[in-house]
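User: Hi! I'm new to this one, could you walk me through it?
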Amino acid sequence: MTTINKNAPKSAFAWRTVDLVTAAIVAVALGVAFWGYDVFVYPAVGAFTAFYPPIGELQLGVWILPAVVGMVLVRKPGAALFTELIAANVELLLGNTWGITVLVSALAQAAGVEIIFALLRYKKFSIGWAALGGAFSAVFEVFYEYYAWVPDYSVINKLIYMLCGVISGAVIAGAGGWALVQSMAKAGALSAFAAGRETK
Amino acid sequence: MNIVVERLSVVPFGETTPVLDDVSFNVSPGERILLLGPSGAGKSTLLLTLSGALQTLESHVFSGEVVAPASGLLLQNAIDASVGNTIFRDVAFGAESAGIETARMSELVTSALKQTGLDLPQHRTIATLSGGQLQRAILSGLLTLSPKLLLLDEPTSMLDEGSAAQVREAVALYLAESGATLLVAEHIFEPWLPLVQRVIVLDSAGRIIADGPSAQILRSHRAELESFGLWLPGSASFAVESEVAPTANRGSLVALVGPSGSGKTTWLNGKLAELQAAAQTEGNRRIGWSPQNAALTIAGNTVLASALAGTQAADTEAAALLERLGLVSHLNQDPHQLSGGEQRRLALASALLAQPDTLLLDEPTVGQDTFNWAKIVHELVAARNRGMSIFIATHDSALLAYADEVLEIPAEIAVTENALVKERRTVLTPLGAIGSGLLLLAGSFWLRSPGQALAGVATIVILAALVLCFAVLAGKGKKLKSNLSGLRWVLLGLGSVFLTNWLLSDSHDAVQAATTSARIAFFALPAYLLARLIDPAEMGDQFGQILRLPARPVVAAMVAFTKLQQLNQTWVQLAQVRKVRGIARGGSPIARIAEAKDMTFGLLVSATRGATQTAISMEARGFSATDESGHRLRRSWAVPARISWLDIAAWGSAIAVTVAAVLFA
C-alpha cells in the first residue's frame with residue numbers, strides 16, 4: 001500500500017535503494033571508462049613513464065577515483081568500499097592484466113577513504129577532505145604494492161613511489177572525484193542526493 | 001480498495017514551483033483512467049507518487065494525502081527499467097522481493113509470460129530483446145505479484161506500432177482477468193481510448209482542469225487539449241510547409257522503418273562508418289549525427305555553446321535556428337537540465353549547424369508535442385530542399401509522409417548463441433575462481449627462496465598447461481585463443497616487475513629480482529586466467545546465498561552489472577559523437593587527459609540518470625517492501641547458488657601447490 005509517510009524514522013546511515021543502485025551503476029560506468037582509457041590515454045602516458053617506472057604511480061589516483069566518487073555521492077558508511085569493489089569487478093570482467101588481484105587492491109584503495117570519512121562522521125565533504133581521503137587510500141595501496149609487487153626497491157625509490165602515489169591519490173582521486181560529483185550535481189543528475197541539493 | 005488523492009502537492013527539493021498543485025481525486029476499484037496534459041504537467045510525478053517510488057528518492061517535498069493499493073509500474077524506458085540479465089531473472093525479481101520460495105518461482109514466471117504472450121526462451125539475455133519484447137517481459141514481472149493497480153508511464157512511446165499494440169493487448173487481457181485499476185499516461189493516446197472510461201486532464205501548472213468520462217472530456221476540452229500540443233485523434237497528419245523551395249540539387253529524405261530492435265540503429269551506425277571512411281579518403285565531406293540518446297551530443301555549459309561546438313556557424317545563426325526549434329528561452333541554460341524532447345531538438349540543431357552533406361538521425365521526433373514536431377519536420381524539409389541527404393531511423397508514421405524513400409529493415413534480429421545464457425555455463429564457479437586465486441596470492445608470501453619461487457611457478461605452469469590441454473580436448477580451443485592473447489600483457493608486466501625490482505634496488509641482485517617476479521607469476525598467471533571464468537550474476541547468487549552477504553547491496557550490484565554492455569555502448573557512442581562533431585581532443589597527453597575527463601563526465605551523467613529510473617523500477621517491484629509491522633521482507637533467490645566439486649578441487653590445488661613449493665626447498 002502506498003501512502004505519503006511524512007515522518008518516517010530514517011537512519012542517516014541506512015542506504016536507500018537509489019543510493020545502492022546509483023553507486024553500483026556509477027561504479028560500472030567508471031570501470032567502463034577506465035577500460036576505455038586503454039585506447040587513448042594510457043599509451044601516451046605510459047610512454048612518458050617508461051624511463052622511470054615509479055613515476056607511473058602518478059596514475060594510481062585513477063584507480064582510487066570510484067572510492068571517492070562513491071563516498072562524496074552517497075555519504076554513508078561503506079560507500080567507498082561498495083563502489084570500489086564493483087569497479088574492480090568490472091575491470092576484471094572486461095579483461096585486465098592482473099586478474100583477481102585487483103579485488104585486493106580495491107580493499108586497500110577504499111580503506112583510506114572509509115577511515116577519513118568515518119572520522120568525520122560523514123558530515124564534512126569538502127574538496128580538502130576528499131583529497132585527504134584519496135591520499136590516505138594511496139598510502140594503503142602503496143604499502144600493499146611494496147609488499148606484493150616491488151619488494152626489492154631501494155628506500156629512496158620506495159619513497160618516490162609513495163610520493164607519486166600520494167600526490168596522485170590526492171589530486172586525481174580526491175580533487176578529481178570531488179569535482180566530478182560537483183559537475184554531475186550542476187548538470188542536475190543528482191537531485192536525489194545531498195550532493196545535488198547543495199548546488200541549488 | 002479505493003485510491004484516494006487529497007490535496008496532493010509535490011515540489012522538487014529546493015524549488016518553489018510545484019510539479020503537482022493541490023490535486024484531489026478518488027478512484028473506485030476497476031476504473032480505467034487516462035491522464036492527459038502537456039509535457040511537464042506532472043503526469044509522471046503523479047504516477048510515481050501513487051506507486052510510492054518517488055517518496056523513496058527523497059528528492060521532492062509532499063503535502064496532502066495519498067492512499068493507493070500495491071501497484072505495478074511500467075516506465076517509458078524499458079532498458080533502464082530492466083533489472084535482470086535474462087528474461088527469467090528479470091521477471092522473477094518481484095517474486096524474489098516478496099520472498100516467494102524458489103520452488104514456486106519457475107511456475108510463476110512461466111504463467112506471467114504466458115499472460116503477456118512473450119513466447120521466448122526464459123534464459124535469453126535481456127540485451128537481445130527488441131524494445132517491445134523487453135517491455136512485455138517487464139510487464140510479466142509486474143504481473144507475478146497480481147497488482148490491484150497498474151500504473152503506466154508512457155509505456156509504448158519508444159515502440160513501433162506493432163509492438164505497442166502487443167503491449168496494450170497484454171495490459172487489456174490482465175485488466176479483464178483481474179479487474180485491476182488502470183492509470184495510464186501516453187503521448188499518442190488514441191489507441192488507449194477503447195480501454196479507458198475516464199480522463200483526468202492536468203495543465204502545465206500541475207492542476208486538474210478536467211475529470212470525467214473520456215468521450216465527454218475529449219469533446220468539451222478539445223481546444224485546450226489542442227493548445228497543449230497533444231496528439232488528438234485525427235490530428236496526426238497535418239501539413240508542414242517549407243518556405244525553402246527545392247533547389248536543382250535537392251537532397252533526399254530517407255526513412256528507415258521496422259520493428260523496434262530490428263536493426264535500424266545498426267544500419268545507421270554502418271552508414272556512419274561508411275561515410276567516415278569516405279570522408280577520410282575524399283575529404284571535405286561533412287557528416288551530422290544524432291544518436292537515440294541525444295544527451296550524448298551535449299558539449300558545453302550552455303545550450304548555445306553546445307549547439308555551436310565544432311561548427312563554424314555564427315552566434316546569430318545558431319540563436320535563430322534554436323528559436324525556430326523552440327529553444328530560445330533556454331539559450332543560456334545548462335543543456336543537461338533540458339527535458340529529453342528538448343535535448344533531441346538541441347542535438348538536431350547542432351547537427352544542422354555543422355552544415356553536413358549527410359545527416360543521420362535516430363528517432364528525432366520521440367516524445368515531441370505537435371508544435372515541436374512540426375518545428376522539427378519544418379527544419380528537416382528545408383535542409384533537404386537545400387540539398388542535404390538525410391537518413392532517419394523512426395517509428396513515427398506521421399513522419400513518413402515527408403520521406404522521399406522508405407527503407408524497410410527486416411524484423412527479427414538473428415539470435416546468436418550468445419543470446420542464450422546457459423544456467424550452468426562453467427563448471428568452476430566464481431567462488432571457486434576467486435577463492436583459489438586469493439589463496440595463491442596469500443600463499444605466494446611464503447615463497448622466499450629462489451628454489452621455492454621457481455618450484456611454485458613451475459607447478460603453476462604445468463597445472464595451467466594440463467588444464468588448457470583438457471580444455472582444447474573438450475572443444476573450447478577457439479574461445480581459449482582469444483583469452484590467451486591477453487597473456488602476453490601479463491608476461492610483459494612480469495618482465496617489467498623483474499627489471500624494475502632489479503635496477504631500482506640497492507643491491508642490483510638479479511637473482512633476488514627474478515625470485516620476486518617468479519613469486520608474482522605464481523599468483524598473477526592463474527589470477528589472469530581464472531578471471532575469465534567469472535559470471536557476475538552467478539557471483540551475486542553465491543555472495544548472497546552461500547557467503548550470506550546482505551541481499552540489498554548484492555542485488556544492486558547484480559543489477560548494475562546487467563548495465564555493463566549498455567554503458568559500454570554509451571562510451572563508444574560518446575567517442576563517436578565527439579569525433580563526428582569535431583570536438584574530440586587528442587595529441588598531447590594533457591589534451592588526452594582532458595578528453596578522458598569530459599567523456600567520463602558524459603558517461604556518468606547518462607549513467608546516473610538511468611540509475612534513478614532503475615531504482616524506481618526496483619522499488620516498483622517491491623525491492624524495499626515491508627510486512628505489516630514495518631520489517632523488510634526477506635528476499636528469496638530465483639536461481640539457487642551452488643559449489644561444484646571442481647571448486648573444491650581448485651581450492652585444494654591452490655593450497656597443495658603452495659605447500660609443495662614451500663617444502664621443496
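Analyst: Happy to. One term to begin with: two strands pair if DSSP finds at least two bridges between them. Helices (H or I, at least four residues) and strands (E, at least two) are DSSP runs, numbered from the N terminus. This is a predicted model, where local features need pLDDT of at least 70, side-chain atom pairs count only at pLDDT 80 or more, and totals for chains, interfaces and linings use all residues. Residues are numbered from 1 along each chain as its sequence is written, while chains are lettered from A and ligands numbered from 1 in the order in which they are written.

User: Thanks! Which strands join S7(B), and how do they run?
Analyst: Strand S6 (residues 149-153) of chain B is joined to S7(B) by five bridges, and the two run parallel. In that pairing, Leu150(B) is opposite Leu182(B). Between S6(B) and S7(B) the chain passes through helix H7 (residues 161-178) of chain B, in a right-handed β-α-β crossover. Right-handed here means that, with the strands pointing away from the viewer, the path from the first strand over the helix to the second runs clockwise. Strand S3 (residues 32-36) of chain B also runs parallel to S7(B), with four bridges, and there Leu35(B) faces Ala185(B).

User: Is S7(B) buried or exposed?
Analyst: Strand S7 (residues 181-185) of chain B is mostly covered, with five of its five residues buried. A residue is buried if 20 or more other C-beta atoms lie within 10 Å of its own, exposed if 12 or fewer, and partly exposed in between, with C-beta atoms placed from the backbone. Thr181(B), Leu183(B) and Ala185(B) are buried on one side of S7(B), and Leu182(B) and Val184(B) on the other.

User: Okay, new topic. What is the strand order in the sheet with S13(B)?
Analyst: That open sheet has five strands with parallel pairing, in the order S11-S12-S13-S10-S14 (chain B). Strand S11 (287-290) and strand S14 (405-408) of chain B are at the edges with a single partner strand each, so one side of each has no neighbour in the sheet. On average, neighbouring strands of this sheet are turned by 15 degrees against each other, direction ignored.

User: And S13(B) itself?
Analyst: Four of the five residues of strand S13 (residues 389-393) of chain B are buried. Strand S10 (residues 252-257) of chain B runs parallel to S13(B) over five bridges, with Ser252(B) partnered by Ser389(B). Strand S12 (residues 358-362) of chain B also pairs with S13(B) in the parallel sense over five bridges. Leu359(B) is opposite Ile390(B) there, and the chain gets from S12(B) to S13(B) through helix H14 (residues 370-386) of chain B in a right-handed β-α-β crossover.

User: Which helix lies across S10, S11, S12 and S13 of chain B?
Analyst: That is helix H10 (residues 264-282) of chain B, at about 155 degrees to S12(B). Helix H13 (residues 340-353) of chain B lies across S11 and S12 of chain B, at about 175 degrees to S11(B). For these angles, axes are lines fitted to C-alpha atoms, for helices over the stretch in contact, and angles run from 0 to 180 degrees between N-to-C directions.

User: How many residues make up the contact between chains A and B?
Analyst: Chain B gives 84 residues and chain A gives 58 residues. Two residues are in contact if their C-beta atoms, placed from the backbone, lie within 7 Å. On the side of chain B that touches chain A, helix H23 (residues 589-620) of chain B gives the most, with 20 residues.

User: Last one: what does Val21(A) touch?
Analyst: Not counting residues up to four places away in sequence, Val21(A) touches Ala556(B), Val559(B), Ala560(B), Ala611(B), Thr614(B), Ala615(B) and Met618(B).
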